[in-house]
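Please read the report below alongside the sequence and the model.

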Amino acid sequence: MLIDRYSWPQKLALYAAMAVFLTFILLPFLEMFRTSLSPMSHLFHAPYEIWSDKFSFDAYFAMWKKVPLLGRYIWNSIFIASAVTALTMIFVIPAAYAYARLDFPLKNLSLGVFLSVNMFTGAVLLIPLYRVMNTLGLLNTYWSMIVPGVAFLIPTGIWLLRSYLEKIPRELEEAAFMDGASRLYTLRRVVLPLAVPGIMVVGVSVFIGAYAQQYLFAITFNQVAELQPLPAGLNQFIGYQTVEWNQMMAAALTGVLPVMIVFLFLQKYLVAGLTAGAIKE
Amino acid sequence: MANATQTKDQPTVRAARRGLSEGWFAWMLIAPALLFIAVIVAWPLLETIRLSFTDADMNSENWVGFANYEKMLQGAKFLEIIGRTFFWMVLSVGLKLIVGLIGATLLNAAIPGRALFRMMIMPPWVIPIAIGCIGWLWLYNGQFGFASGMAQRLGIIDGPFEFLAYKNSAFYAAIITDVWVGTPMVSLFFLAAMQGVSRDLYEAAWVDGAGRWYRFRRITIPQIMPVIVSMALLSAIWTFNSFEIIWIFTQGGPRGGTTTMIIDTYKTAIGNFKFGEGSARAVMIVLILGVFSLLYLKVLDRVNKHYGVK
């Protein structure tokens with residue numbers, strides 16, 4: 001359309017600005033990739049060279065031997081984040097529905113309690129949290145990394161899903177309710193199917209949160225090597241004498257690749273879902 | 001939107017829904033989440049408050065009243081740390097909002113390649129923060145890193161510059177990384193909000209001869225203001241408590257130059273096993289953020305009213 005048309009200097013400026021913006025976003029990844037290709041001798045070499053003819057993919061093969069559990073760490077990260085997401089959604093969906101649709105005593109106060117959880121991170125409550133994990137017998141299990149993750153993601157999940165549910169028209173629910181359907185039936189059979197896009201979006205956001213923030217709980221509550229997620233497992237490339245930087249970068253990039261690919265394609269639905277949640281009635 | 005049938009039906013439905021049964025049903029729905037939070041967050045929080053009045057360490061625990069608080073507030077460093085934490089928060093959140101807004105505007109522009117660009121901003125957000133930090137750590141390396149290497153090549157500096165070895169440069173290096181981690185999410189939320197703005201508004205303004213900048217200032221910004229304001233609060237709280245980046249980069253150094261409240265708390269409690277003093281610091285964080293959020297929500301309320309959001 002005419003309103004969307006740009007003159008060519010405008011286009012040029014847009015692309016130039018985009019290039020600067022994306023360089024900022026992607027620079028660390030490019031640097032990680034360059035490092036992963038460099039032989040160790042080349043890494044500790046001044047002056048700095050961007051390109052070298054000594055580049056090779058050797059580190060991508062050597063890393064599996066250097067840290068035999070690497071595959072396990074990659075899997076653990078994905079497994080922990082998935083478990084956190086599934087559990088969080090089980091808690092979030094009913095609660096978000098209650099806040100979006102129902103009137104009940106202490107509604108605002110209890111919502112405030114949930115949201116105030118956002119003010120804490122694991123790092124603030126680490127000491128007593130360690131004791132709770134100990135009391136529940138969860139230290140050094142997957143649960144010790146899953147349970148706190150769920151607790152800190154529930155509030156944001158409720159907040160996001162609530163605003164999405166508020167946008168779904170009430171008429172269908174009310175019709176079902178008038179026809180004598182029970183509240184639980186209405187929730188399961190009428191609201192949930194309508195809310196699937198919103199649930200997906202919130203689920204994706206929760207997964208991202210769970211995947212991004214597993215480091216602290218892992219290094220504090222778990223000492224079993226087989227259970228460590230990737231960020232904690234990468235420490236094994238740090239030796240007493242040398243740090244295998246190139247293998248560490250190769251392992252980091254390889255480890256996040258599966259999740260990254262999935263999310264590159266989910267991005268479209270994420271924005272669409274957030275938009276749908278943001279449109280006013 | 002409302003039609004005659006709806007207005008007739010609604011009071012009946014409302015009436016049927018009010019009363020005990022709806023309240024109980026609602027509480028049944030939120031109870032599991034609330035219980036979970038009670039055990040994993042509320043109880044540790046109460047425990048933190050209790051510990052803050054003791055001299056707890058690995059072995060013993062005695063009641064000491066307000067001694068931890070007195071010691072903390074009398075320490076010359078503490079006010080400095082609070083000031084630094086607010087500076088960290090304001091600067092980082094401000095940059096995230098500005099860069100996020102610019103990013104969202106660019107990603108919203110109708111240019112070829114848009115879908116690809118939107119994909120390319122995802123990575124910093126979807127990878128573990130600790131892994132992003134490893135990339136930046138190498139980037140900031142004085143001898144062999146990109147930043148120092150490039151600056152030397154361009155003749156900006158003469159010799160290697162170790163970014164994380166000096167108070168100021170380490171602080172701003174951590175800020176840049178924090179902005180990098182936070183920007184994609186802010187951009188995507190702003191982008192989603194921009195796409196929710198009705199096209200009619202833009203077309204009407206366009207027909208009246210309003211230019212792009214005018215439309216951005218007078219339509220886009222007011223329309224997405226509620227999202228900007230609530231994103232700013234969430235982002236402020238997260239940034240205030242941002243832990244991993246500083247911890248991985250400098251552990252609060254050099255000479256305390258990057259020590260924010262959360263780092264100070266962690267160091268005192270976990271690093272030196274002074275659980276009592278660490279807990280007093282944790283309580284301070286909660287108090288400060290609590291007051292900050294309340295003030296902020298007042299502002300949010302006013303902004304929403306001003307822009308006609310319920």
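## A residue in chain A

In which helix of chain A is Thr88(A) placed? Thr88(A) belongs to helix H4 of chain A, which covers residues 70–101; helices here are DSSP runs of H or I with at least four residues, strands are runs of E with at least two, and both are numbered from the N terminus. This is a predicted model, in which local features need pLDDT of at least 70 and side-chain atom pairs count only at pLDDT 80 or more, while totals for chains, interfaces and linings use all residues. Residues are numbered from 1 along each chain as its sequence is written, and chains are lettered from A and ligands numbered from 1 in the order in which they are written.

Thr88(A) counts as buried because 28 other C-beta atoms lie within 10 Å, where buried means 20 or more such atoms, exposed 12 or fewer, and partly exposed in between, with C-beta atoms placed from the backbone. Leaving out residues up to four places away in sequence, Thr88(A) touches Val150(A), Leu153(A), Ile154(A), Gly157(A) and Val206(A); a contact requires C-beta atoms, placed from the backbone, within 7 Å. Val243(A), by comparison, is 155 residues from Thr88(A) in sequence and 37 Å from it in space, C-alpha to C-alpha.

## Chain A as a whole

Chain A contains 12 helices and 0 strands. Its radius of gyration, taken over C-alpha atoms, is 24 Å, well over the 19 Å that the globule rule gives for 281 residues, so chain A is more spread out than a compact globule; the rule is 2.2 Å times the number of residues to the power 0.38.

The C-alpha trace of chain A spans about 75 × 65 × 30 Å along its principal axes, and 46% of the 281 residues count as buried. Among contacts in chain A with a separation of 6 or more, 79% join residues 24 or more positions apart.

Helix H14 of chain B (residues 275–306) has 32 residues, and its buried residues include Phe275(B), Met284(B) and Leu289(B).

The contact between the chains takes 82 residues from chain A and 88 residues from chain B. On the side of chain A that touches chain B there are 67 nonpolar, 9 polar and 6 charged residues, where Ala, Val, Leu, Ile, Met, Phe, Trp, Tyr, Cys and Pro count as nonpolar, Asp, Glu, Lys and Arg as charged, and the others, Gly among them, as polar.

Technical notes:
Contact = placed C-beta atoms within 7 Å. Expected span 1.5 Å × (residues − 1).
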